[in-house]
Structures are given as C-alpha cells and as structure tokens.
Amino acid sequence: MHARTLSRRVILLVPVFLGAQTALERWGAREERLPPMAELSQFPALVGNWQKAAEDPVDPETRSALGADRILSWTYFQSKTGFYGNLFVGWFQSQRGGSSQPHSPQVCMPGSGWTTLASRIIPLNTMAETIPVNRYVVSKNGARAVTIYWYQTPRRVIANEWAAKFWVLPDAFRDRRTDTALVRFFVWNLGRSDEETAAAAMDFSRNAYNSLREILPR
C-alpha cells in the first residue's frame with residue numbers, strides 16, 4: 001500500500017476514533033465491571049524450554065509514564081540455542097476515558113533508539129489458537145533483535161493498533177470491561193541470522209501464550 005493512500009485512510013479514520021473516544025468517556029459514567037488485578041508475578045519461570053534468568057525492574061519514571069496497573073519484565077534464556085529474550089507485559093485494568101492505554105511499541109522503540117528494518121503482521125500458531133502478532137526486525141548501535149508484540153483482551157488478541165482502539169467501545173458496552181494488556185517479546189540475535197532469531201522469538205511467544213491466557217483476567 002502506498003504511503004499516500006495509507007495516510008488518507010488514517011485521516012479518514014481519525015474522526016471515527018475521536019467519536020468512539022467521546023462515546024467511551026460518556027459510557028464511563030456507567031458502572032464499569034473492573035476485573036481482579038492481574039497477578040503477573042505468578043507467570044511461570046519455565047516457558048517451554050526458556051528458563052527465567054533475571055527480573056528487569058522498570059524504573060519509577062518509566063513505570064509512571066507507561067501508566068500500567070501491573071508490569072512484568074523478565075529475561076529468559078534458551079540453553080539449547082543460547083538465545084536471550086525479554087518478556088514485557090503491561091496490563092491495564094481500565095481504559096475508561098482514554099487516560100490509561102498501552103503505548104505502541106511503534107512509538108516506544110524508535111524513542112529508545114531502535115530502528116525498524118522490517119515489519120509485518122503474521123499468524124502465530126499456539127496450542128490454544130492461531131493469533132495475529134506483529135513481528136519487527138530492529139537494530140541499534142550495530143545490534144539487531146526481533147520483537148513480537150500484540151494486544152490481549154479477555155475476548156481477543158489484536159495486532160493492529162487502530163483495531164485495538166476500535167474494539168474498546170464494543171467490548172465495553174458488551175462486557176462493561178475495558179481491561180487490556182500489551183504483550184511484547186524481545187530476542188537479541190547475538191550474531192545469528194534474522195531468520196534464526198525470528199524462529200526463537202516465535203517459539204518463545206508461542207510457549208508463553210497459554211500461560212498468559214491463564215494469568216490475565218478473563
């Protein structure tokens with residue numbers, strides 16, 4: 001799709017999403033059925049053959065900027081391949097009024113100095129179901145990595161940021177809930193090919209998905 005065509009579509013969609021945001025704010029006057037807080041600390045230390053290696057605490061300033069109600073940031077190690085991967089989950093108990101919403105990695109990664117080399121939405125086949133995910137190849141100061149991320153709600157997994165915003169309102173009216181999670185996997189290539197690194201990232205995220213379904217409120 002040409003950039004100009006995409007830009008036109010985005011411009012046309014802006015009034016729609018602004019209207020949806022206004023409707024969501026008005027709906028906020030109704031009682032929201034807040035889910036219990038997600039206990040991310042219960043996420044398993046062993047994910048497939050990925051073993052937890054360390055916790056990566058998020059500093060208070062970053063935590064405040066993210067606005068998430070629960071955050072998990074752990075590094076895992078796959079001994080058979082030598083790959084290291086970080087799992088980040090930012091969970092939001094409510095998006096009512098639009099004050100607390102996930103920050104898109106499309107914005108955060110460049111803000112942290114990472115340059116996108118390739119990106120696309122792909123299907124991820126898990127034991128539970130096939131879900132759409134974003135797969136990015138990124139670089140920074142000569143280092144390369146593959147990141148996979150998606151947005152996870154009680155009803156669905158969403159890759160596209162605009163679609164994630166769109167579904168907030170229908171799900172809010174249907175379930176009286178707006179909780180969501182940004183799930184992101186980051187695997188460093190450590191001198192391997194992008195294909196090998198992507199395969200490792202897919203394996204990491206595929207094995208983690210079932211545990212996420214169990215831990216995140218449904």
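Q: How much space lies in the largest pocket?
A: About 620 Å³. Keep in mind that this is a predicted model.

Q: Okay, and which residues lie nearest the centre of that pocket?
A: Those are Thr62, Phe88, Cys108, Ser112 and Arg184, out of 24 residues that line the largest pocket.

Q: What's the lining like by class?
A: The largest pocket has 15 nonpolar residues in its lining, along with six polar and three charged ones.

Q: Let's zoom out. How many helices and strands does the chain have?
A: Five helices and nine strands. Going along the sequence, they follow the pattern α-β-β-α-β-β-α-β-β-β-β-α-β-α.

Q: And how much of the chain counts as buried?
A: 43% of its 218 residues. The chain exposes about 11,500 Å², with carbon and sulfur atoms supplying 53% of that area.

Q: What share of the contacts join residues at least 24 apart in sequence?
A: If you take contacts between residues at least 6 apart, 69% of them do.

Q: New topic: aromatics. How many aromatic pairs are there?
A: The count is 13 aromatic pairs. One of them is Phe43 with Trp74, whose ring centres are 6.4 Å apart.

Q: Why is that pair, Phe43 and Trp74, called edge-to-face?
A: Because their planes sit at 65 degrees, and over 60 counts as edge-to-face.

Q: Where do Phe43 and Trp74 lie?
A: Phe43 is in the loop between helix H1 (3-27) and strand E1 (46-47), while Trp74 is in strand E3 (residues 70-78), so the pair ties together parts 31 residues apart in sequence. Both Phe43 and Trp74 are buried.

Q: What about Tyr149 and Tyr151, how are their rings arranged?
A: They form an edge-to-face pair too, with 6.2 Å from centre to centre and 90 degrees between the planes.

Q: Is Tyr149 buried or exposed?
A: Buried, because its relative accessibility is 0%. Tyr151 is buried as well, at 5%.

Q: Last one: where does Thr153 lie?
A: In the loop between strand E7 (143-152) and strand E8 (157-158). Leaving aside residues up to four places away in sequence, Thr153 touches Asp171, Asp179 and Thr180.

Q: Why does Thr153 count as buried?
A: Because its relative accessibility is 19%, and buried means under 20%.

Technical notes:
Residues numbered from 1 in each chain as written. Predicted model: local features only at pLDDT ≥ 70, side-chain atom pairs only at ≥ 80, totals over all residues. Heavy atoms only, no water. 1 Å grid on protein atoms, 1.4 Å probe; cavity = no way out; pocket = protein on both sides within 12 Å on 5 of 7 lines; lining within 4 Å. Points joined across faces, edges and corners; volume = space filled by probe spheres on them. Nonpolar A, V, L, I, M, F, W, Y, C, P; charged D, E, K, R; others polar. Helix = DSSP H or I, 4+ residues; strand = E, 2+ residues; numbered from the N terminus. Buried < 20%, exposed > 50% of the residue type's maximum accessible area, 1.4 Å probe, protein only. Contact = heavy atoms within 4.5 Å. Areas by Shrake-Rupley, 256 points an atom, 1.4 Å probe, with all protein chains shown as cover. Phe/Tyr/Trp six-rings, centres within 6.5 Å; stacked < 30°, edge-to-face > 60°.
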